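Trainee: I would like a close look at one part of this model, the aromatic ring pairs. Please start with the whole chain and then go in.

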Amino acid sequence: MTISAEHTLVAHLADLQRRQISPTTRARLAQALLDWFTAGWSAAGTPAAARYRRVALDCQPGAGPAPVFGGPALNANGAAFANAAIAHIREIDDAHRAAMLHPGVVSVTPALALAADGGMTQRRVADAIIAGYEVSLRLGEALGTRHAAGFHATATAGAVGAAAGAGVALGLAPAPLHHALGIGATQAAGLWQLVDDEAHEAKSLHPAFAVRNGLAAAYAARAGLPGARRFATGARGLHALLAGDGPLDALDGGLDAEERLNTATIKAWPCCAQLFTPLDATRELLDAHALTPDEIESVDVEIFTHALKIAGVDWPATPAQTCFSLRYVVARLLLAGRLGIEDMESPDLQAPDLLALARRITVRTSDAFQREFPRLRPSRVTLTLKDGRRLSALRQLRRGDPEDPYDWPTLQARMRAFAPAMDDAAAQAIVAWCERFTDAGNDARPCLPDPALFGAAASR
């Protein structure tokens, strides 16, 4: 009998749980956790977060032990839904070039929600998070660029990754875990029509539903219900039906390589990751030439085509659209020399100086750059100055990519910058909690997320 790629992938997850976790992966896991807390804290006080907490309570009523960013604790299912949505609001949760999705929000969220019920060791939580990254990223890469152009892979591949993380957290053996992934795949959904119809405020429902469905899939498998075994490679599996065009050997190839967790990108800018290389290029020009906005005659931004399929807002009409407008984020960076959370939360979209600069920005796509996607994210920014000089910078990789990573102190500074409401005590507690995962000596200890890590309101 031919062994399917899905069977091999599930066996790989079991093997990962038997191995020692390397120091490199432990350090990267701590970074992923810090990134997740940063994303959640950065949005916890927003009106959008309040709406998502309400939806979570309506869909999964009942209090419980699981902390929620900025609100009262809920049962594990409600907290997972709310936290997945909240941690995605700011668009600063981690990303991945090849898989084209946000892995942390679908991997960390269910593991910590289930851990809040007690009874899980640190090692079990670590294994669950690593499994979520492994499955979501391998499946996202296999689904490829054609899929990612029409579907939000955080919602599709992410649902299967959430099922993997939840299944490992619940202690499922390989056979029911395989069923959990198949059940999760049946519920994978997430249309990019959402952004075409300017429904950006609801985008965080994608990871929220992915996590909800992943948890339900794991519960169903635990109860003995079967799932599609060839959920990705079958004739009516995800790859065939959801426009997959990526390499199927991403599912079960390179199993001796480092865990996929180590290949994720931690985001440098508070906006859609498709726009990072032009921002990095603009930052490079500003740093090299100490320019002022008055010196700039025009700006030409050349970018890979796929970027504008996701982040194609010409000029934002609402704060939620700022994350998806290349002209806005470049103009804001050029005007102020920085791009912060406040620029996305409470922007003055009709400010005369901002509009005047935005009108001088031309955005165009490049077929040559698109051919490098998703392996690279090429973008070239060219500034024409009023004195006739032309300054140009090409960026192919993003700050925060595995090739240009953050170190631990810089990540802590990033957390404070992206979550200004966080006080010193909370920051120190979060850093210390995440750092515990770097020490194998803590693996047998109970892992119970402290409500204080989620903000004062979480402990009410």
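What percentage of the 460 residues of the chain count as buried?

Mentor: Of the 460 residues, 60% count as buried. Keep in mind that this is a predicted model. The chain has 19 helices and six strands. Its radius of gyration is 21 Å, close to the 23 Å that the globule rule gives for 460 residues, so the chain is as compact as a globular protein of that length. Along the principal axes, the C-alpha atoms fill a box of roughly 70 × 50 × 40 Å. Now take contacts between residues at least 6 apart in sequence: 76% of them join residues at least 24 apart.

Next, the inside. The largest nonpolar core has 161 residues. L33, F37, C271, V329 and I430 have the most contacts inside this core. Helix 6, residues 122-150, gives the most to the core, with 13 residues. Look at C271 for a moment. Leaving out residues up to four places away in sequence, C271 touches R90, E91, F276, L279, C323, V329 and M344.

Now the rings. A pair of aromatic rings is described by the distance of the centres and the angle of the planes. A search of the whole structure finds eleven aromatic pairs. Start with W36 and F454. Their ring centres are 5.9 Å apart and their planes stand at 80 degrees, so this pair is edge-to-face; the cut-off for that label is over 60 degrees. W36 lies in helix 2 (residues 23-43), while F454 lies in the segment after helix 19 (424-435), so the pair ties together parts that are 418 residues apart in sequence. Both W36 and F454 are buried.

Compare F304 and F373. Their ring centres are 5.1 Å apart and their planes are at 15 degrees, so this pair is stacked. The label needs planes under 30 degrees apart. F304 sits in strand 3 (residues 296-304). F373 sits in the loop between helix 17 (367-372) and strand 5 (379-385). The two are 69 residues apart, and the pair links distant parts of the chain. Both F304 and F373 are buried.

The charged end of R399 sits over the ring of Y406, 4.2 Å from the ring's centre.

Conventions. Residues numbered from 1 in each chain as written. Predicted model: local features only at pLDDT ≥ 70, side-chain atom pairs only at ≥ 80, totals over all residues. Heavy atoms only, no water. Phe/Tyr/Trp six-rings, centres within 6.5 Å; stacked < 30°, edge-to-face > 60°. Helix = DSSP H or I, 4+ residues; strand = E, 2+ residues; numbered from the N terminus. Buried < 20%, exposed > 50% of the residue type's maximum accessible area, 1.4 Å probe, protein only. Lys NZ or Arg CZ within 6 Å of the ring centre and 35° of its normal. Rg over C-alpha atoms; globule rule 2.2 N^0.38 Å. Contact = heavy atoms within 4.5 Å. Core = buried A, V, L, I, M, F, W, Y, C linked by side-chain atoms within 4.5 Å.
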